[in-house]
Amino acid sequence: MSIAATRPHSFRTTAIIIACALFMEQLDSTVLATALPTMARSFGVSPLHMSAALTAYLLGLAIFIPASGYFADRFGARRIFRLAILVFTAGSVLCGQCGSLLFLVGARFLQGMGGAMMVPVGRLVLLRTVARKDMVSAMSWFTVPALLGPVVGPPMGGFLVTYLSWRWIFYINVPIGILGIWLATLYIEDIKEEDPGRFDLPGFVLSCTSLSCLMYGLEMGSRGGGISLGTTLLVIGIGLAAGVAYLLHARGASHPILDFSMMRIPTFGISVIGGSLTRITAGALPFLLPMMMQLGFGMSAARSGLITFSTAAGSFLMKIAAPPILRRFGFRNALMWNSLISSAFLAACALFRPGWPVVLIYGVLLLGGFFQSLQFTALNTVAYADISQHRMSSATSFYSTFQQLMLSMGICVSSAILALAMALSGHASPRLSDFSAAFLAVTAISFVASPVSARLPRDAGRAMSGHADGEDAPLALET
């Protein structure tokens, strides 16, 4: 590995610059969720169809994240990081200019391509340049600004949509993107591998085909009418066939783009499975909650945003409490019991009604976000407990791919359940009872993460959590 000379600077500077990229990505996603009902009226489509805009972005992430590590090793981390910010910003400008849902889906996919390279490559820069003794501090600087995106996003999105135009939710990325490119040029080290090996092109094509067909097929099915069942099943079938073909290919590949052999490592494999179940619910929440507040409660986008940001505020508070909790109980116990607690609070959203005191809704969302953040912090940390340093890049790409895939799955599943509830009840537009059914269904999935987490060894990640005789505090590698 080689590192091009750059100006001397603190690791905190690098962490903050990379965190600002994640801040822009998180801000964009949460602002958009608040604006979806207004955008649906602008395009003249059903609010349910707007799930395609969220899915397209997550699909772009899921497809291109596996290749991010190789491109950084081959062409240099700084170059790829700057290019990723440029692509993301250009996609934001196109989103602001779109006049139809189809145009928006294409622009959001372009944004996803940029996001796929932006945050994973930035994280690799930290993992490869920061000394282990400074890693806790670096990850704190990296995580905290990134958490501000979900906190600021809903109220900002509500304000822009209510008092200006939904197009401004995309234009606000432009100055952030320009600043990010300039700072990356000055301070990001240009890390490059001497011999990155050959790019797994067949694996990339097969994984792209599988992921895109599976997600597009599920998204088509979630929209209900207008698309035949046969077409939907055909697309999903192609995705499954390509997935099987990839697994066969990966067995004989020296450097597969997605290395499934890492699933044999208990801490990593269980974290992927348990995290997938949890993220289906997490992906559904920002899609269902703003729509329920606006369509079911009749709130404005601004007022809806001021309420839904409570979940992100709870996540922010948990970052302070997570280390002592994990040190006291360990990863296995924390994940087993916290999965049940966090799922219960999210399931309580099904009971929300306009007559509820606003402070009570705030409280449920705040606590739900609090415990959900602990779940993700624990999962994202213990996943790397037994990963050797030379496999860290592959592990990060693999884990990030499934992370984004399951978030996208959550949108598709919640949209499909909402459409099914409407069909069964004969409602032309979603009502509160339909949202309640969707919330209960998606949270039932995350409850299953508890018995999955029980399969972790009792001493899993002990050195990282500090539980019993461990030494180090946990590192929250992802948010």
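Residues are numbered from 1 along each chain as its sequence is written, and side-chain values use heavy atoms, leaving out hydrogens and water. Because the model is predicted, local features need pLDDT of at least 70 and side-chain atom pairs count only at pLDDT 80 or more, while totals for chains, interfaces and linings use all residues.

**View A. The second largest pocket, with a volume of about 350 Å³.** Of the 20 residues that line this pocket, Ser210, Leu211, Leu214, Gly243 and Phe260 are the closest to its centre. (On a 1 Å grid over the protein atoms alone, a pocket is an open set of points with protein on both sides within 12 Å along at least five of seven lines, and lining residues have an atom within 4 Å of a point; a volume is the space filled by probe spheres set on the points, which are joined across faces, edges and corners.) Helices α8 (201-223), α9 (229-252) and α13 (392-425) each supply at least two lining residues, and α8 gives the most, with 7. (Helices are DSSP runs of H or I, at least four residues, numbered from the N terminus.) The lining divides into 16 nonpolar, 4 polar and no charged residues. (Ala, Val, Leu, Ile, Met, Phe, Trp, Tyr, Cys and Pro count as nonpolar, Asp, Glu, Lys and Arg as charged, and the others, Gly among them, as polar.)

**View B. Helix α10 (residues 266-296) packed with helix α14 (residues 432-447).** Their axes lie 9 Å apart, at an angle of about 165°, which makes α10 roughly antiparallel to α14. (Axes are lines fitted to C-alpha atoms over the stretch in contact, angles run from 0 to 180 degrees between N-to-C directions, and those over 145 count as roughly antiparallel.) Among the residues that meet here are Leu277, Ala284 and Leu288 in α10, and Phe435, Phe439 and Val442 in α14. (Contact means heavy atoms within 4.5 Å.) The residues of this contact divide into 14 nonpolar, 5 polar and no charged.

**View C. The second largest cavity, holding about 60 Å³ of space.** The structure has 6 cavities of 30 Å³ or more. (A cavity is a set of grid points where a 1.4 Å probe fits but cannot get out.) Look for Thr278, Thr281, Ser339, Ser342, Ser343, Leu346, Gln372, Gln375 and Ser446 around this one. Helices α10, α11 (301-347) and α12 (358-382) each supply at least two lining residues, with the largest share, 4 residues, coming from α11. The lining has 1 nonpolar residue, 8 polar and no charged.

Methods
Angles under 35 degrees count as roughly parallel, over 145 as roughly antiparallel, 65 to 115 as roughly perpendicular and the rest as oblique.
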